[in-house]
Amino acid sequence: MYVHRFDERARSAVVALLYATGESQTELAAALGASQVQVSRRRSGTAAWSLADCDAVAAHYGIDPLDLLAGPTRAREPLPAQRRRVPGRGLRPAAARGGGAR
């Protein structure tokens, strides 16, 4: 049960971060050195997020791994402003999406 809750929190936090930033699964996969299919499987819950994956996701978004593991609301709170999608104007321009810690 603990593993299921860990993975569910990681999954829901990643979904929230993808939405908050306007980033695609393909862009996240490239930053993680994974394929879009691997990210899709983890996002849908058919594959698990490892601790190493969580560290890489947190570094990519410039947040603390503990914030990521605390769930979607906590993961979005420390997200740097330059990583967030622009309200009322949809997604940020593609050139601006590459920012963040890696």
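The chain contains 6 helices and 0 strands. Read from the N terminus, its elements follow the order α-α-α-α-α-α. The model is a predicted one. Of the 102 residues in the chain, 33% are buried. The chain exposes about 5,800 Å², and carbon and sulfur atoms supply 56% of that area. Contacts that span the sequence also deserve attention: among those between residues at least 6 apart in sequence, 58% join residues at least 24 apart.

An α-helix has 3.6 residues a turn, so residues three or four places apart point the same way. After α2 comes glycine 33, which has a positive phi, near 70°.

The next step is to consider how α2 is placed against another helix. Two packed helices are described by the angle between their axes and the distance between the axes. For α2 and α4, the angle is about 110° and the axes are 10 Å apart. The two helices are therefore roughly perpendicular, since angles of 65 to 115 degrees are counted in that class. On the side of α2, the contact is made by Leu28, Ala31 and Leu32, while α4 contributes Ala56, Val57, His60 and Tyr61. Sorted by class, the residues of this contact are 6 nonpolar and 1 polar, with no charged residues.

Helix α4 comprises residues 51-61, and aspartate 53 is among them. Is aspartate 53 buried or exposed? Its relative accessible area is 18%, and aspartate 53 is buried because this value falls under the 20% cut-off. Which residues does aspartate 53 contact, once its neighbours within four places in sequence are left aside? They are Arg42 and Ala48. A further relation concerns proline 65, which is 12 residues from aspartate 53 in sequence. In space, the two residues are 9.9 Å apart, C-alpha to C-alpha.

Technical notes:
Residues are numbered from 1 along each chain as its sequence is written. This is a predicted model: local features need pLDDT of at least 70, side-chain atom pairs count only at pLDDT 80 or more; totals for chains, interfaces and linings use all residues. Side-chain values use heavy atoms; hydrogens and water are left out. Helices (H or I, at least four residues) and strands (E, at least two) are DSSP runs, numbered from the N terminus. Buried means under 20% relative accessible area, exposed over 50%, partly exposed in between (1.4 Å probe, protein chains only). Contact means heavy atoms within 4.5 Å. Axes are lines fitted to C-alpha atoms, for helices over the stretch in contact, and angles run from 0 to 180 degrees between N-to-C directions. Angles under 35 degrees count as roughly parallel, over 145 as roughly antiparallel, 65 to 115 as roughly perpendicular and the rest as oblique. Ala, Val, Leu, Ile, Met, Phe, Trp, Tyr, Cys and Pro count as nonpolar, Asp, Glu, Lys and Arg as charged, and the others, Gly among them, as polar. Accessible areas come from the Shrake-Rupley method with a 1.4 Å probe; for residues, only the protein chains shown count as cover.
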